[in-house]
Structures are given as structure tokens and as C-alpha cells.
Amino acid sequence: MNRRLLLFVPILVIGVLAAVELSARSYASIAGGAPFLAPGDALYETWYRELRRPRQREIRSDDRHFDVLVLAGSVLHDRYAPFEAALREELSLRSRREVRVYSLAKAAHNTRDSLLKYRQLDAQRFDLVIVYHGINDVRANQIPESDYRDDYSHMEWYRRVNWLSENQGLLYWTAVPYVLHDARIVFEKLTGRYRPAPEGALEHDVRYEKVLKTTPAFRGNLEAILELARERGDRVLLMTYAWYIPDGYSETAFNRKRIEYALHRVPTEGWGSPQGVARGLSVHNDAVRAVAREHPEALFVDQEALIPRQRIYWNDVCHLTVRGTLTFAGFVAEAIESAGLLTESRPSQ
């Protein structure tokens with residue numbers, strides 16, 4: 001009897017643990033979209049799917065290709081502008097090297113997303129990493145100072161992706177922490193201990209944007225990308241954020257297409273009040289200039305100063321027309337050519 005008990009208890013424990021793990025993996029797969037067999041892949045299989053293409057490629061900086069990584073929001077996404085094609089053409093006109101552009105641009109993504117995504121590409125080496133952010137970080141100010149967090153975890157998206165990034169290795173062994181983390185978020189929301197900022201395009205509370213809280217985080221994310229690039233041997237191109245709010249702007253006039261834009265894609269109020277957005281972008285651009293001055297190894301393009309504030313270049317406060325995109329890409333290509341990056345391949349790092 002004792003021998004049977006000694007055999008039964010371990011089997012029971014193993015069975016219970018297996019059932020718990022299977023349940024946890026099922027939850028992570030169904031509720032979070034995590035791969036059942038590899039929950040640790042959730043960050044780039046579910047949350048940042050745009051990472052799939054570059055992660056599946058062997059990308060080196062010592063071959064005949066000129067490989068460019070683009071870290072940005074919707075302004076450089078193909079849905080809003082043909083930046084990828086424009087940049088490839090501009091660079092191909094200036095070099096015999098084959099140009100490959102890997103764009104991780106995504107609507108609503110900000111410097112925090114780009115930092116997390118760039119960290120995932122630890123096996124790839126790029127000839128150039130382009131960083132273009134500004135307006136989406138402004139949105140992170142829509143919360144009281146007491147609830148604001150520099151890692152943007154006061155927005156539920158970032159609380160999840162930050163945690164996934166930090167615990168990726170653990171999740172390859174067990175999905176139980178995934179369930180516990182989600183349960184903790186739900187509990188804290190129900191008890192009022194966690195009050196995330198709204199993330200919907202039209203959900204804002206502009207009372208809180210008067211205190212611009214994001215500048216240290218915005219700058220810190222840029223510096224973290226630069227430090228990671230330095231360790232990997234990647235060159236970086238920083239840019240100020242181009243924007244245009246015409247005189248007499250109002251949301252009503254925008255919706256009636258009376259503002260000096262072309263397509264009238266997204267009203268400025270999608271990111272906050274016009275005054276708050278303008279102020280936030282100005283301060284963030286000053287931060288980009290400061291970081292560029294402190295990191296002379298980085299290329300720099302002052303797009304805010306270069307893109308004319310005329311109707312033919314703008315579809316809204318930040319999204320460019322086709323002509324605007326071609327102009328933007330031309331300035332980028334000129335900076336790359338002037339830095340001598342197109343002449344020859346570099347030794348591997």
C-alpha cells in the first residue's frame with residue numbers, strides 16, 4: 001500500500017501540474033493569441049507581428065546589400081504613404097548596392113514600441129536604423145501625474161508588452177505567469193489600483209495634457225535605441241517630427257474639409273487638443289535635437305524645418321501626401337549619401 005501511494009502521489013502531482021500548464025497555455029493562446037507551443041514568442045507573433053519578416057532573414061552589414069530598418073508610427077507606414085518604395089528608389093539612384101528596407105512602422109506606435117521591437121532583432125545587423133517619432137508619444141500625456149509611468153505602463157498595451165519583453169525567457173518554459181499577470185491587471189482595475197489611460201483614437205481627457213510628462217521617457221527611449229545600436233555596430237538616423245496645423249484649424253472645419261490639407265485623413269484631436277499636440281511636438285523635437293547633438297555618431301535630419309508647411313505636402317497634422325513623402329525620403333537619402341554610407345559594405349560586428 002505504501003509503495004502504491006509513493007507511486008501515486010508523484011503521478012498525481014505531475015498530472016495536476018500538466019493540467020495547469022495546459023490550461024495556462026490554452027488561455028494564453030485563446031485570450032492573448034500566444035503560440036500554444038511557444039508562449040515566449042507572443043511578443044512578435046501576436047503583439048508585434050511586423051517583426052516576423054526581419055527576424056526570419058539573415059541581415060548583415062558586411063554584404064552587398066544596404067539594409068535599412070525603419071522604426072516609426074503610421075506616417076511611414078505603407079497604408080498612409082509610399083515611404084518604403086520612395087526610399088528604396090532614392091537610395092538606388094545614389095548607389096549600386098541593392099537596397100532592402102525593413103519597415104516596422106505601425107499606426108499608434110511610439111518610441112517605447114520601437115525600443116522593444118529593436119531589442120528583438122538581436123541577431124540582425126543593419127547598415128542604418130531610421131527612427132522617426134513624436135506625435136504618438138504626445139498621447140501618453142492623457143493621464144494624471146500620479147498615474148503616469150515613464151515606461152508608458154499607464155497605458156494597458158505597454159503594461160503587457162513591457163512584461164512580455166522582460167519575461168520572454170520564462171514563458172518558453174511555462175505559460176502560468178502569463179495567466180497570473182493578466183489576472184493581476186484585472187484585479188487592480190477592479191479595485192481601482194490601476195487606472196489605465198484610454199487608448200482609443202477618440203478617447204482623451206485633455207485636462208491632463210497641460211503637464212507634459214513624456215519628454216524624459218521620449219528622450220530616454222531614443223538614447224536606449226542609440227546605445228543598443230552602438231553595441232551592435234548599427235548606424236542610426238534621428239529626425240525631428242514634421243507637422244502642420246494651419247491657422248484657423250478646428251475639428252469642425254477639418255471634418256468639413258475646409259482646412260488646407262489634401263485628403264484630411266485624421267483630425268488633430270485624435271492625439272489631443274491642437275494646442276497640446278503642437279506644444280508636445282515642439283518639446284519632443286527639441287529633445288531629438290539635443291540627443292543628436294550629444295550623439296554625433298548619429299545622422300540627423302531636421303524634417304520639421306525642411307518640409308514646407310503647404311497644402312500639397314500634408315493630409316493632416318502629420319501624415320504626408322505622396323509629394324510630401326517623396327520630399328521626406330529625398331532628405332533622408334541625401335543625409336545617408338552625405339555620410340558616405342552608400343559607398344561600400346562595412347566589416348561585420
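The legends below describe close-up views of side-chain contacts in a predicted model. Residues are numbered from 1 along each chain as its sequence is written, and side-chain values use heavy atoms, without hydrogens or water. Local features need pLDDT of at least 70 and side-chain atom pairs count only at pLDDT 80 or more, while totals for chains, interfaces and linings use all residues.

**View 1. Phe-83 and Phe-328 form an aromatic pair between helix 4 and helix 14**. The whole structure holds 14 aromatic pairs (Phe, Tyr or Trp rings, the six-membered one for Trp, with centres within 6.5 Å; planes under 30 degrees apart are stacked, over 60 edge-to-face, the rest tilted). In this pair the ring centres are 5.6 Å apart and the planes meet at 85 degrees, so the arrangement is edge-to-face. Phe-83 belongs to helix 4 (residues 83-94) and Phe-328 to helix 14 (residues 322-338), 245 residues apart (helices are DSSP runs of H or I, at least four residues, numbered from the N terminus). Phe-83 is buried at 1% relative accessibility, and Phe-328 is buried at 0% (buried is under 20% relative accessible area, exposed over 50%, partly exposed in between, with a 1.4 Å probe and protein chains only).

**View 2. Trp-163 and Tyr-178 pair edge-to-face**. Their ring centres lie 6.5 Å apart, with planes at 85 degrees. The pair ties helix 7 (residues 156-166), which holds Trp-163, to helix 9 (residues 176-190), which holds Tyr-178. Trp-163 is buried at 16% and Tyr-178 is buried at 4%.

**View 3. Arg-159 contacts both Glu-188 and Tyr-194**. The closest N and O atoms of the Glu-188 to Arg-159 salt bridge are 2.8 Å apart (a salt bridge is a side-chain nitrogen of Lys or Arg within 4 Å of a carboxyl oxygen of Asp or Glu). Glu-188 is in helix 9 and Arg-159 in helix 7, 29 residues apart; both residues are buried. Arg-159 also lies over the face of Tyr-194, 4.6 Å from the ring centre (CZ of Arg or NZ of Lys within 6 Å of the ring centre and within 35 degrees of the ring normal).

**View 4. Lys-117 forms a salt bridge with Glu-50**. The closest N and O atoms are 2.9 Å apart. Lys-117 lies in helix 5 (residues 111-120), whereas Glu-50 lies in the loop between helix 2 (42-47) and helix 3 (52-55). Lys-117 is buried at 0%, and Glu-50 is buried at 14%.

Note on methods
Helix = DSSP H or I, 4+ residues; strand = E, 2+ residues; numbered from the N terminus.
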